[in-house]
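Thanks for coming. Please look at the sequence and the model on the screen while I talk.

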Amino acid sequence: MVLKAFAVRHMKAKDISVDTTVNEAIWARGIKSPPHKIRVRMTKDDEGMVTITMAETEDVKQTEAEKKE
């Protein structure tokens, strides 16, 4: 997978976890036409594990929390 190879190269980690929302976004249009670009957020914890999530979903959660306050 290209996304995992990118994470290994740039985040210098061997243990990578891809969120299900990212996987669904990649496979949404099927195997023949994957998206050309996708915005993701990569976070690395203290143990060296990299988690890949969608960038937009976290922004939406933050704005919803701000609206409630």
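Residues 24 or more positions apart make up 46% of the contacts in the protein with a separation of 6 or more; a contact here means heavy atoms within 4.5 Å. This is a predicted model, where local features need pLDDT of at least 70 and side-chain atom pairs count only at pLDDT 80 or more, while totals for chains, interfaces and linings use all residues. Residues are numbered from 1 along each chain as its sequence is written, and side-chain values use heavy atoms, with hydrogens and water left out.

Now the parts list. The protein has 3 helices and 3 strands, and along the sequence they follow the pattern α-β-α-β-β-α. Helices (H or I, at least four residues) and strands (E, at least two) are DSSP runs, numbered from the N terminus.

Next, the sheet. In what order do the 3 strands lie in the open sheet? The order is β1-β3-β2, with mixed pairing. Two strands pair if DSSP finds at least two bridges between them. The edge strands are β1, residues 16-18, and β2, and each of these pairs on one side only. From one strand to the next, the twist averages 20°. The general point is that strands of a sheet pair through backbone hydrogen bonds, either parallel or antiparallel.

Both kinds of pairing occur here. β1 and β3, the latter covering residues 50-54, run parallel and are joined by 3 bridges. On that side, Ile 16 has Val 50 in β3 as its bridge partner, and Ser 17 stands opposite Thr 51 in β3. β2 and β3 pair in the antiparallel sense over 5 bridges. Here Lys 44 has Val 50 of β3 as its bridge partner, and Thr 43 has Thr 51 of β3. The hairpin of β2 and β3 has 5 residues between the strands, and in it Gly 48 takes a positive phi near 95°.

Helix α2, residues 20-27, lies across β1, β2 and β3 and runs at about 55° to β3. For these angles, axes are lines fitted to C-alpha atoms, for helices over the stretch in contact, and angles run from 0 to 180 degrees between N-to-C directions.

On to what is covered. Of the 69 residues of the protein, 17% count as buried. Buried means under 20% relative accessible area, exposed over 50%, and partly exposed in between, with a 1.4 Å probe and protein chains only. β3 is mostly covered, with 4 of its 5 residues buried.

Which residues make up the largest nonpolar core? There are 10 in all, among them Leu 3, Ala 7, Val 22, Ile 26, Met 42 and Ile 52. A nonpolar core is a set of buried Ala, Val, Leu, Ile, Met, Phe, Trp, Tyr and Cys residues joined through side-chain atoms within 4.5 Å. α1, α2 and β3 each supply at least two residues of this core, and the largest share, 3 residues, comes from β3. Ile 26 touches Met 1, Leu 3, Pro 34, Pro 35 and Ile 38, leaving out residues up to four places away in sequence.

Val 40 lies in strand β2, residues 40-44. Is Val 40 buried or partly exposed? Val 40 has a relative accessible area of 23%, so it counts as partly exposed. Leaving out residues up to four places away in sequence, Val 40 touches Leu 3, Val 22, Ile 52, Thr 53, Met 54 and Ala 55. Val 40 and Ala 55 are 15 residues apart in sequence and 4.6 Å apart in space, C-alpha to C-alpha.

The other residue is Lys 14, in the loop between α1 and β1. Lys 14 counts as exposed because its relative accessibility is 84%. Lys 14 and Gly 48 are 34 residues apart along the chain, and their C-alpha atoms are separated by 8.0 Å.
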